[in-house]
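Trainee: I would like to learn how to read a ligand site in a model. Could we go through one together, please?

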Amino acid sequence: MTYPEPIVLAETTSTNTYLAALCQKEACAELTTVYSSFQSAGRGQRGNSWESEAGKNLLFSFVVYPEFLEAHRQFYLSQVTALALHDVLSSYTEGISIKWPNDIYWKDKKICGTLIENDLTGIHISRSISGTGVNLNQERFLSDAPNPVSLCQITGNQYNPREILEQIMEKVTEYYQLLKENRTEVQETRYKEALYRKEGLHLFRDKDGDFRARIADIEPNGRLILEDEDGQTRGYLFKEVEYIL
Ligand SMILES: Nc1ncnc2c1ncn2[C@@H]1O[C@H](COP(=O)(O)OP(=O)(O)OP(=O)(O)O)[C@@H](O)[C@H]1O
Ligand SMILES: O=C(O)CCCC[C@@H]1SC[C@@H]2NC(=O)N[C@@H]21
């Protein structure tokens with residue numbers, strides 16, 4: 001399985017938005033990828049914006065049509081992107097981990113964010129657009145992003161976004177092929193190994209307040225299972241709990 005040559009843009013509002021519009025207009029092959037040097041309206045999760053200085057970072061989105069995947073298994077798509085990013089960035093520096101569900105961290109700082117937008121047909125996912133920003137060469141962050149970091153701030157080196165994109169898409173293609181073949185054990189195991197704060201007690205916050213807990217498991221549907229100091233188990237879907245850094 002291969003992926004098409006990326007569509008390269010100098011500027012767009014958001015690579016996710018651009019790719020969704022393109023897919024509406026014409027048939028886009030699976031793993032069609034859009035890369036842009038600048039976004040005028042980069043979108044993050046929860047309606048946040050994504051900061052990226054022009055020409056400095058990697059901003060890209062790709063599309064897949066995972067009709068074989070029921071909506072309650074959509075977490076597998078998050079794993080595909082997160083593991084690809086994790087594997088590639090880990091070849092440049094130590095300290096890379098996946099913060100549940102799909103942020104990529106270096107130590108306690110955020111180096112990548114991913115926004116996945118799925119379309120459903122009945123109970124199945126007919127189209128999934130996965131868009132990621134990787135902080136590569138940006139030296140200063142000016143927004144109120146709480147904890148951004150770039151690869152250049154970590155290593156002192158400069159990176160070619162197109163080369164890094166190629167490496168990431170090769171990994172995405174490999175992990176997505178395994179998912180298509182329903183061989184999800186490899187990615188489930190690797191995801192758990194790569195988890196941020198996978199060991200020890202840490203501070204979390206849910207709707208009832210702050211508590212200390214350790215990560216006990218991640219269920220196949222993506223539910224985070226925490227065990228608190230009293231040995232009680234609590235399960236959380238996305239957005240129901242946050243890490244206190
Ligand atoms: N280039 C960037 N690098 C890192 N963080 C950024 C960047 N651009 C924006 N951000 C900030 O990241 C924040 C979202 O990430 P963060 O992980 O802190 O959010 P969260 O609200 O805890 O949600 P989640 O953990 O589910 O992503 C937003 O507040 C956004 O401003
Ligand atoms: O909040 C997050 O952590 C998700 C950030 C996702 C940003 C990327 S940059 C490329 C793609 N286009 C967008 O508008 N958003 C994603």
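Mentor: Gladly. Let us begin with a polar contact, a pair of N or O atoms within 3.5 Å. Here a nitrogen atom of ligand 1 is 2.9 Å from an N or O atom in the side chain of asparagine 135. Taken alone, ligand 1 exposes 630 Å², and the protein buries 85% of that. Do keep in mind that this is a predicted model.

Trainee: How many residues surround ligand 1, and which are the closest?

Mentor: For a shell, we count residues with a heavy atom within 4 Å of the molecule. Around ligand 1 there are 15, the closest being Gln45, Glu51, Asp103, Lys110 and Asn135. By class, that shell has five nonpolar, four polar and six charged residues.

Trainee: Now ligand 2. Which residues are closest to it?

Mentor: Ser14, Gln39, Arg43, Gln45 and Lys110 are the closest, in a shell of 20 residues. That shell divides into four nonpolar, 13 polar and three charged residues.

Trainee: Where do the polar contacts of ligand 2 fall, on backbone or side chain?

Mentor: Take each atom pair in turn. The side chain of glutamine 39 places an N or O atom 2.8 Å from a nitrogen atom of ligand 2. At arginine 43, a backbone N or O atom lies 2.7 Å from a nitrogen atom of ligand 2. At glutamine 45, a polar backbone atom is 2.7 Å from an oxygen atom of the ligand. Ligand 2 exposes 410 Å² when taken alone, of which the protein buries 98%.

Trainee: Which helices and strands supply at least two residues each to the shell around ligand 2?

Mentor: Those are helix H1 (15-25) and strands E3 (58-64), E6 (109-121) and E7 (124-134). E6 gives the largest share, four residues.

Trainee: And which pocket do the ligands take up?

Mentor: The space taken by ligand 1 is the largest pocket, and for ligand 2 the space is likewise the largest pocket.

Trainee: What does UniProt list for residues 1-180?

Mentor: An unreviewed UniProt entry lists them as "domain: BPL/LPL catalytic". In the model, this span is 29% helix and 26% strand, with its end C-alpha atoms 11 Å apart.

Notes:
Residues numbered from 1 in each chain as written. Chains lettered and ligands numbered in written order. Predicted model: local features only at pLDDT ≥ 70, side-chain atom pairs only at ≥ 80, totals over all residues. Heavy atoms only, no water. Polar contact = N/O pair within 3.5 Å; in protein donor to acceptor, adjacent residues only side chain to side chain. Areas by Shrake-Rupley, 256 points an atom, 1.4 Å probe, with all protein chains shown as cover. 1 Å grid on protein atoms, 1.4 Å probe; cavity = no way out; pocket = protein on both sides within 12 Å on 5 of 7 lines; lining within 4 Å. Sits in = over half its atoms within 2 Å of the grid points. Nonpolar A, V, L, I, M, F, W, Y, C, P; charged D, E, K, R; others polar. UniProt positions renumbered as here; feature names shortened; annotations may be inferred.
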